[in-house]
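Got a model open and some labels to pick apart? Let's go through what the terms rest on.

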Amino acid sequence: MGFIAEGNTLAWEDSIKYLEYIREHGVIQLLNIIKNNKDKVTEDFKWGDEVEYILINNDNYKLKLRANEVLDLLMLEEKRNPTTVEHLWRPEYGRFMIEGTPGSPYIGLGKQLLKIQSSLKSRRENVEKYLKPNESILTITSYPRMGCKNFTDPQGEVKGPIAESKFLPDTVINPHFRFSTLTANIRKRRGGTVSINIPMYRDKNTPEYLDQMCTYEKVPPIIDDSDNSLSDISSPSNQPFNIYMDAMGFGMGCCCLQTTFQLPNIDDARTVYDQLAPISPIMLSLTAASSIFKGYLSDIDARWTIISQSVDDRNKEELGKIPLNNNKFVINKSRYDSIDCYIGSKSKSFRSEYNDLDLVYDKDVYQKLIENGVDSLLSKHFAHLFIRDPLVIYSDKIEIDDEKNTDHFENIQSTNWQTVRFKPPPPSSSIGWRVELRPMEVQLTDFQNSAFVVFSAILVKAIQDLKLNFYIPITKVDENLKTAHKRASVVNDKFYFRKNIYNNTPNGSIENEYELMTINEIFNGKGGDNKGLIGVIRDYISTLDFDNETTELVNKYIKFISKRASGEIKSISTWTREFVQNHPAYNHDSIVNDEIQADYLQRCLDISNGTIYDSSIQGDKDDYYTC
């Protein structure tokens with residue numbers, strides 16, 4: 001969830017007078033970071049993963065709202081043994097969510113790769129020690145009936161003072177002050193509850209206005225004075241075959257799989273950041289695992305847009321609906337979206353034409369960074385982050401030492417949730433420059449999650465060592481992110497991708513450098529010299545001198561990903577749809593009722609625990625590894 005501190009948080013109306021101060025000192029802190037670390041070199045390739053879990057009641061398959069109690073017990077182990085603890089545990093947005101990471105970074109590749117899956121298995125076991133007999137944890141991206149009647153244990157009342165949601169009780173929010181303040185302040189800043197709208201899957205018996213009928217017992221026009229988004233017949237919320245959600249919890253209550261990599265220096269980190277940006281939408285589609293929202297089959301396969309809409313704090317001026325008066329910028333994206341500019345200025349493969357988005361950035365911040373020796377590309381990147389307001393201000397952490405602290409910078413940085421994050425070193429630390437890969441959806445099993453963790457780590461090293469070039473124009477990356485959400489995009493759609501990923505001195509028209517490809521072509525190649533990413537990774541692995549055990553396991557992971565890309569192994573989203581559509585209680589009306597959800601979640605539990613093996617999403621059993 002990013003930067004979390006202890007202390008008292010300010011409500012939005014009390015924060016307004018400090019916004020400019022936080023931004024001003026955030027820039028000062030950033031400049032101190034760069035000054036102190038611009039020449040920093042870290043020799044070891046250190047990296048890690050982050051997996052998010054949900055807690056459910058096995059008896060009724062409701063979300064169990066006591067993850068914070070379990071987390072307190074897990075974190076006691078860290079307090080007792082801070083340097084030797086095997087896993088680290090952190091709060092996430094939902095009171096039903098837990099975030100787990102390795103206790104210390106992985107170092108390098110080689111035999112280290114044998115530890116990933118055992119670490120994930122051990123994390124599950126660690127959590128399970130503190131669960132009650134009728135509780136389980138699951139790695140699923142989205143809880144299917146989030147926002148339906150009585151979906152939590154214990155039950156909560158909707159229309160609470162924090163989210164003011166018609167569907168989610170405030171009790172789903174983690175009790176740490178950061179999360180409730182973030183929720184309320186986004187709502188207040190934008191001038192109303194968030195409005196999340198996604199297409200519903202149109203089955204043969206699905207009514208045009210199903211969601212509106214279930215929520216309001218009528219079809220549009222719906223006039224609801226408590227929600228501006230519903231007062232306009234042209235609004236997305238009033239359209240046919242639409243699923244409407246109104247709270248941050250719908251998005252931030254989704255689970256993900258993330259990886260973070262420490263690079264040798266700032267230039268290498270900038271290069272890897274750039275190269276992972278075009279890969280991000282591809283990885284979102286490949287890991288797609290969320291197709292049910294608010295008890296309906298949706299017509300999308302991935303969570304990203306739900307989160308993006310759930311934290312969109314832009315007001316009417318910033319959306320361009322009315323002229324700017326109290327705000328400085330019209331902003332074209334939510335603060336949770338794809339990146340807006342490349343930053344790898346020293347890379348021979350970078351061309352300025354790739355930054356073809358009309359970047360919105362704070363010119364005063366940009367000028368201050370330039371005056372202090374920061375190059376133009378990096379200055380624009382950070383000046384773009386600073387167009388946002390700080391959302392959570394701690395009353396006792398306003399006036400702090402800018403030489404020793406980075407709280408104000410992190411306040412801005414950590415609430416710009418983009419597909420890739422460029423992470424400067426923290427103060428007074430041996431940690432170096434890092435890059436975080438953020439789009440992947442969490443998978444059902446430890447093997448599946450390990451496969452994507454290991455693949456992304458090897459890919460990052462290959463980018464460094466082979467000087468791989470994935471640059472395409474930023475606007476095409478944005479189009480790819482939209483495509484990644486489409487139903488079954490992993491097998492049905494095409495994505496813009498670079499024709500020659502070894503060409504590091506490109507010239508001529510950039511339009512000739514890329515083309516539309518299927519994910520199968522991107523990963524498994526198009527024949528001839530085009531081996532695809534799988535071929536590139538296999539060739540690279542052959543140069544790394546892995547022992548037989550490591551090579552065998554890594555090949556299993558790579559084979560799994562290759563088959564997922566080809567469609568031989570189904571995505572979790574596709575498998576979920578088919579489960580619902582083949583369930584005897586499904587009426588082909590897009591509704592996922594309690595009975596269907598119970599059977600679905602039980603099947604997920606059985607697969608996660610190894611009770612059932614489903615080759616359609618796990619592949620051949622001989623190619624699967626359990627530790």
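What follows is a run of questions and answers on the labels used for this structure.

Q: What sort of model is this, and which pLDDT values count?
A: It's a predicted model, where local features need pLDDT of at least 70 and side-chain atom pairs count only at pLDDT 80 or more, while totals for chains, interfaces and linings use all residues. Residues are numbered from 1 along each chain as its sequence is written, and side-chain values use heavy atoms, with hydrogens and water left out.

Q: Why are helix 19 and helix 20 called oblique to each other?
A: Helix 19 (residues 572-581) and helix 20 (residues 594-609) pack at about 135 degrees, with their axes 10 Å apart. Axes here are lines fitted to C-alpha atoms, for helices over the stretch in contact, and angles run from 0 to 180 degrees between N-to-C directions. Under 35 degrees is roughly parallel, over 145 roughly antiparallel, 65 to 115 roughly perpendicular, and the rest oblique. So oblique it is for helix 19 and helix 20.

Q: What counts as a helix or a strand in this numbering?
A: They're DSSP runs numbered from the N terminus: helices are H or I with at least four residues, strands are E with at least two.

Q: Which residues make helix 19 meet helix 20?
A: Contact means heavy atoms within 4.5 Å. On the helix 19 side you get Trp575, Thr576, Phe579 and Val580; on the helix 20 side, Ile596, Asp599, Tyr600, Arg603, Cys604 and Ile607. By class, that contact has 7 nonpolar, 1 polar and 2 charged residues. (Nonpolar covers Ala, Val, Leu, Ile, Met, Phe, Trp, Tyr, Cys and Pro; charged is Asp, Glu, Lys and Arg; the others, Gly among them, are polar.)

Q: Why does Asp313 count as buried?
A: Buried means under 20% relative accessible area, exposed over 50%, and partly exposed in between (1.4 Å probe, protein chains only). Asp313 has 2% relative accessibility, so it counts as buried. It lies in the loop between helix 9 (304-310) and strand 13 (336-337). Beyond four places away in sequence, Asp313 touches Ile186, Arg189, Arg190, Glu318, Arg335 and Leu391.

Q: How do you know whether Cys148 is buried or exposed?
A: Its relative accessibility is 14%, so Cys148 counts as buried. Cys148 lies in the loop between strand 6 (135-138) and strand 7 (152-153). Leaving aside residues up to four places away in sequence, Cys148 touches Lys294 and Gly295.

Q: What makes His408 buried?
A: A relative accessible area of 3% does it for His408. This residue lies in helix 12 (residues 407-413). Among the residues His408 touches are Tyr21, His25, Gln29 and Lys397.

Q: Why is helix 17 described as largely enclosed?
A: Because 8 of the 10 residues of helix 17 (residues 532-541) are buried. Those buried residues pack against helix 8 (266-286), helix 13 (446-466), strand 17 (494-498), helix 16 (519-524) and helix 18 (548-566).

Q: What makes strand 16 covered on both faces?
A: In strand 16 (residues 434-437), Arg434 and Glu436 on one side and Val435 and Leu437 on the other are all buried. In general, side chains in a regular strand alternate between the two faces of the sheet.

Q: How do you know which strands pair with strand 16?
A: Pairing takes at least two DSSP bridges between two strands. Strand 10 (residues 257-262) pairs with strand 16 in the antiparallel sense over 4 bridges, and strand 15 (residues 420-423) is joined to strand 16 by 4 bridges, also antiparallel. Phe261 stands opposite Val435, and Lys423 has Arg434 as its bridge partner.
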